Amino acid sequence: MATNILEEKLREASCVGDIEAVQVLLSQNVNLNSQNPVNGWTALHWACKRGNEKVARLLLNHGADKNVRNFKGEIPSDICIYLAINELLGAVVTKDNKEHQGDDYEFVPNYIRNAPLNPQVDVGPAGIKQPDLLSMPKTSLPAAQNDELVLKVKVQGSSDPDFIEIEIPRWKLTYDVLLKVCCDELQLSESQVERIRKLPNTRLRKDNDVRRLVDFQELEIALKCNAGDKSNNCYQSISACKDQTVLY
């Protein structure tokens, strides 16, 4: 049962384009060629149908079978109208492809019928169980199902000297996620950020750097300065004024 749930999670993540969830599920050795028991669609079918090129590329790189047929006899390229994805599949867009443009599925999953604006698939620790954990007594299961890393962050050179605390699920610790959470909490645009610094003097550059962070580590967001600004404490305003720089 747990395996079937994770396989459906993979199809859902591929459909809505949640590449982070797809990466997590692939790391758990979920069968990426599993088929929905109602319509026979695989994760690759959904990625191709919805135009999620990055997901389709990731699935193919991990061994997704582009020749699996759904219960109507269609392989992923048969239902794909996107040129870039069809090139990945070694196919071309044809008249038959274009006939499938509408979302006229006989079976419509809930994640299509009631799709959120910014869909994300929950594949956290509560949804991913290793076989050895399933066989353990309940009293032996890890107590913290939603283990989060708490970090302290502020903007370099801001007039507000205080840190704020942010939380990131430990299973989702990547540089991109850290950057997004920091920007959301500080009301910044990711394009404004020049670097993330682990205080006092270490620049974070990749996922492994982020995974080594510990609770309540202090981080500093350094923002990009205008080319003519020589100040070391350049704090770029997030107001509507384009390229405005405020110095404190």
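**Reading the labels on a predicted model**

Visitor: Why is K152 called partly exposed?
Guide: K152 has a relative accessible area of 24%. Buried means under 20%, exposed means over 50%, and partly exposed is in between (1.4 Å probe, protein chains only). The value of 24% lies in between, so K152 is partly exposed.

Visitor: What kind of model is this?
Guide: This is a predicted model, in which local features need pLDDT of at least 70 and side-chain atom pairs count only at pLDDT 80 or more, while totals for chains, interfaces and linings use all residues. Residues are numbered from 1 along each chain as its sequence is written, and side-chain values use heavy atoms, with hydrogens and water left out.

Visitor: How do you know that K152 and E218 meet in a salt bridge?
Guide: A salt bridge is a side-chain nitrogen of Lys or Arg within 4 Å of a carboxyl oxygen of Asp or Glu. For K152 and E218 the N to O distance is 3.6 Å, so the pair meets the rule. The pair links distant parts of the chain, with K152 in strand β1 (residues 148-155) and E218 in strand β5 (residues 217-223), 66 residues apart. E218 is partly exposed, at 30% relative accessible area.

Visitor: What makes a stretch a helix or a strand?
Guide: Helices (H or I, at least four residues) and strands (E, at least two) are DSSP runs, numbered from the N terminus. The chain has 10 helices and seven strands.

Visitor: How far apart along the helix are D184 and K180?
Guide: D184 and K180 are four residues apart in helix α9 (residues 175-186), which is about one helical turn. Their side chains form a salt bridge of 3.0 Å, N to O. Elsewhere, salt bridges that share partners join D147, R170 and D215 into one network.

Visitor: Why is helix α3 called largely enclosed?
Guide: Seven of the eight residues of α3 (residues 43-50) are buried, so the rest of the structure largely encloses this helix. The buried residues include H45, W46 and C48. Just after α3, G51 takes a positive phi of about 75 degrees.

Visitor: How do you know whether L25 is buried or exposed?
Guide: L25 has a relative accessible area of 0%, which is under 20%, so L25 is buried. L25 is found in helix α2 (residues 19-27), where A21, V22, V24 and L26 are also buried. Between the C-alpha atoms of L25 and E7, 18 residues apart along the chain, the separation is 8.4 Å.

Visitor: How much of the chain is buried?
Guide: Buried residues make up 38% of the 248 residues.

Visitor: What share of the contacts joins residues 24 or more positions apart?
Guide: Contact means heavy atoms within 4.5 Å. Among contacts with a separation of 6 or more, 59% are between residues 24 or more positions apart.
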